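Please find below a short note for the file. It is set out as numbered points.

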Amino acid sequence: MTGSDAVSTAAAVDTAAAGRLISASFQELAVAHWLLDDPVERERIMAGQFGWFAEHALSYGAVDVAGDDAVAVWFDNTVDAPWIDGYDERLVELAGPHAARFALLDEVFGEHHPHDRPHWHLALLAVRPGHRGTGLGSELLGRRLAQLDAEGVPAYLEASSTGSRDLYLRHGFTMLGEAYHLPGDGPALYPMWREPQG
């Protein structure tokens, strides 16, 4: 895949397919296992939820893709925007008895989010299993960050592993305070901030 295959797009994105791609790529993460042990249910629920996130980002942010193999979902937190309509009810319908666990993760993320600082939030960055290490994630990230730099806009994210944390460090992010852990001896999450550069 060449650089020309990586695009920032809007209505052309199949948000359900994006949700399935992100879910599949996240199944090995400790956070995914913290959410739910059952791999089939976990992948199904995450795919639906991430599809909603991608759909929301089309209106209030951006969804960047590299063909069918990588996707980045960004929320624009420099403007006031409504959250996903009926999100809590939809989550209960989607996740059933597991909804409370997913809601708890949302709550923890919200507690650590820098709500008082306008920024773009990298909510999700995923590369299809089998295509990792090919530079697709870095390409998507670099293109969006270059645009944010040109506009003087900071960026925020929560890295879910030391590997992803180190990737973001290489792209100019720094730790925003200390890592924190999910409840019940859950895995660490790494809040990260990036001021616009150069």
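1. The model is predicted: local features need pLDDT of at least 70, side-chain atom pairs count only at pLDDT 80 or more, and totals for chains, interfaces and linings use all residues. Residues are numbered from 1 along each chain as its sequence is written, and side-chain values use heavy atoms, with hydrogens and water left out.

2. Thr15 belongs to helix 1, residues 15-26 (helices are DSSP runs of H or I with at least four residues, strands are runs of E with at least two, and both are numbered from the N terminus). Its relative accessible area of 16% makes Thr15 buried (buried is under 20% relative accessible area, exposed is over 50%, and partly exposed is in between, with a 1.4 Å probe and protein chains only). With neighbours within four places in sequence set aside, Thr15 contacts Gly51, Ala54, Glu55 and Leu58 (contact means heavy atoms within 4.5 Å).

3. Phe50 sits in helix 3, residues 39-59. Phe50 is likewise classed as buried, because its relative accessibility is 6%. Apart from residues up to four places away in sequence, Phe50 touches Gly19, Ile22, Ser23, Phe26 and Leu124. Leu169 is 119 residues from Phe50 along the chain, and the C-alpha atoms of the two are separated by 24 Å.

4. Asp185 is located in the loop between strand 7 (180-181) and strand 8 (188-194). Asp185 counts as exposed because its relative accessibility is 82%. Although Asp185 is not a glycine, its phi is positive, at about 60°.
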